[in-house]
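Here is a colleague's note for someone meeting this structure for the first time. Please keep the sequence and the 3D view open while reading.

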Amino acid sequence: MNAIAAHFRLDERGTTIGTEVRAGLTTFMVMAYIIFVNPNILSAGPLEGHGPPFLPTVVATALTAGILTIAMGLVANYPFALAAGLGLNAVVAYNLILTRGFAWQEAMAIIAWEGIVILVLVLTGFREAIMDAIPLALKRAIAVGIGLFILFIGLVQGGFVKAGEGTPVTLGDLTTPAFLTFVIGLAVALALMALRVKGALLISIFVATGVAIVLRATFGDAAGFGPGQAVLPERVILDVGANNFSTLLAPLGAMASIWTRPDTSVITVALIIFSLMLADFFDTMGTVIGVGEEAGLVDAEGRLPGIKEVLIVDSVGAILGGLFSTSSNTTYIESAAGVSEGGRTGLTSVVVGVLFLVSILFAPIAGIVPAQATAAALVVVGYLMFTIAKDLDWGDIDDVFPALATMIVMPLTYSITDGIAAGFISYAFLKAVKGRSAEVHPLLWVVSAAFIVYFAIPWLQQTFHL
């Protein structure tokens with residue numbers, strides 16, 4: 001125990017082994033949905049027969065997340081967990097495979113190339129330099145925006161908010177047992193947080209899951225839970241044979257051939273990699289800044305010590321995610337749930353990673369927890385991250401509007417990258433208009449220009465048939 005405490009510097013960061021284990025369990029509980037959601041996106045429904053096979057994707061999703069999250073803990077010593085990135089996997093499934101006609105091995109090879117590009121940017125110091133170039137006000141706005149994003153995700157998963165008819169969003173169906181589960185979980189989480197009870201989020205997830213199981217048994221499918229959720233499984237151990245590892249490294253053979261496809265130009269492939277790279281690049285940057293700020297691990301300038309190791313592991317996550325056929329793996333904003341439970345070191349990540357590896361065998365158990373049970377935890381975490389707003393400098397328009405754009409665009413577009421892009425572009429523009437261009441770091445001008453290209457890519461593809 002002393003060796004573990006010394007390796008992860010528990011005393012230095014004011015935490016204990018028990019706290020880190022509890023934080024890791026909380027993060028895993030909030031993230032476990034990806035084990036089934038990722039295969040559903042890549043392999044089921046319209047992707048069936050076009051994407052990688054379902055069960056091997058389940059195995060690969062948990063395996064990749066486990067390996068990378070343990071690596072994050074051991075190499076970087078931060079409580080950040082990684083798994084297949086939502087959003088990027090949808091691009092792989094519906095754009096690259098279904099719309100553009102790439103074989104799934106080719107689509108995953110593109111993801112691997114995107115990761116290689118990001119890794120080069122990290123090793124050359126470019127990615128870290130960009131993070132250092134961001135003004136403190138925008139870093140804090142990114143953290144607040146991620147908080148609002150997490151809170152919004154929680155409200156959607158809990159059923160309080162849904163897509164509207166005639167309006168972008170509207171009030172959800174508040175009459176279902178599934179929504180009642182969310183309400184009970186949120187009430188428990190808020191009450192325990194107010195009373196400063198340790199493990200509040202984890203307790204709320206367990207309580208809500210127990211309620212969900214009872215409601216599912218009472219109301220059946222009418223309860224409103226997802227397939228297989230809130231149901232005690234018939235079998236506990238997943239049948240994992242050698243064929244269930246068949247997708248690992250399958251994209252290797254397409255790493256070169258995607259550049260010579262007869263019906264796809266090299267420029268098109270390059271543009272696809274560029275857009276995916278920007279999304280992956282800044283999603284991680286925003287997550288690291290936001291969660292690091294929430295954990296109190298950043299310095300006075302909003303910089304995370306030892307950030308290079310974090311970025312290296314995250315970049316390898318894109319490469320490994322592509323080669324293991326799970327789509328790009330990235331640092332998860334749900335890591336904030338474990339941070340809220342006191343997680344401050346890589347031991348939290350190691351616990352999460354081990355649980356992901358164990359879940360390969362016990363996947364049916366991980367599937368019990370419904371989205372509504374973890375949604376309450378996300379709402380509370382979103383609130384905690386939003387409190388960073390008190391430290392923002394509410395001064396002139398050239399500082400306040402970019403912060404507002406960052407905070408609002410993230411949840412409304414369901415994209416960390418889009419929020420950062422809106423903030424960067426408006427910041428550079430307003431500083432130039434006010435004759436204060438010298439306050440903008442040269443790298444911020446470069447990134448803002450890249451974001452303009454990023455937003456213009458759909459127009460470029462449509463106009464020039466790329």
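Predicted model: local features only at pLDDT ≥ 70, side-chain atom pairs only at ≥ 80, totals over all residues.

1. **Overall make-up.** The protein has 466 residues, and 56% of them are buried. Its secondary structure consists of 19 helices and four strands. The C-alpha trace spans about 65 × 55 × 55 Å along the principal axes.

2. Of the contacts with a separation of 6 or more, 81% join residues 24 or more positions apart.

3. **Surface.** The accessible surface is about 18,400 Å². Carbon and sulfur atoms hold 68% of that area.

4. **A glycine in a loop.** Gly85 sits between strand E1 (82–84) and helix H5 (88–99). Is Gly85 buried or exposed? Gly85 is buried, because its relative accessibility is 3%. Leaving aside residues up to four places away in sequence, Gly85 touches Ser328, Asn329, Thr330 and Tyr332. Ala3 and Gly85 are 82 residues apart in sequence, with 33 Å between their C-alpha atoms.

5. **Two positive phi values.** Most residues other than glycine have a negative phi. Arg9 is not a glycine, yet has a positive phi of about 55°. Arg9 lies in the loop between H1 (2–7) and H2 (17–31). Arg196 is likewise not a glycine and has a positive phi of about 60°. The loop between H9 (177–194) and H10 (200–219) holds Arg196. Arg196 counts as exposed, because its relative accessible area is 75%.

6. **The partner of Arg9.** Side chains of opposite charge can pair when their charged atoms come close. Arg9 forms a salt bridge with Glu12, at 3.3 Å from N to O. Arg9 is partly exposed at 37% relative accessibility. Glu12 is exposed, with a relative accessible area of 60%. The count for the protein comes to 14 salt bridges.

7. **Lys434 and Asp396.** A salt bridge joins Asp396 and Lys434, with the closest N and O atoms 3.8 Å apart. This pair links distant parts of the chain, 38 residues apart. Asp396 is in the loop between H16 (371–386) and H17, and Lys434 is in the loop between H18 (416–433) and H19. Asp396 is partly exposed at 43% relative accessibility. Lys434 is partly exposed too, with a relative accessible area of 38%.

8. **Lys434 and Asp398.** Lys434 also meets Asp398 in a salt bridge, 3.5 Å from N to O. Asp398 lies in helix H17 and Lys434 in the loop between H18 and H19, so the pair ties together parts that are 36 residues apart in sequence. Asp398 is buried, with a relative accessible area of 0%.

9. **A nonpolar patch.** Helix H17 (residues 397–413) also contains Ile408. Ile408 is partly exposed, because its relative accessibility is 37%. Ile408 forms a nonpolar surface patch with Ile397, Phe401, Leu404 and Leu412. Together these residues have about 490 Å² of accessible area.

Terms used:
Residues numbered from 1 in each chain as written. Heavy atoms only, no water. Patch = residues over 30% accessible without salt bridge, like charges linked within 9 Å, V, L, I, M, F, W, Y side chains within 5 Å. Areas by Shrake-Rupley, 256 points an atom, 1.4 Å probe, with all protein chains shown as cover. Salt bridge = Lys/Arg side-chain N within 4 Å of Asp/Glu carboxyl O. Buried < 20%, exposed > 50% of the residue type's maximum accessible area, 1.4 Å probe, protein only. Contact = heavy atoms within 4.5 Å.
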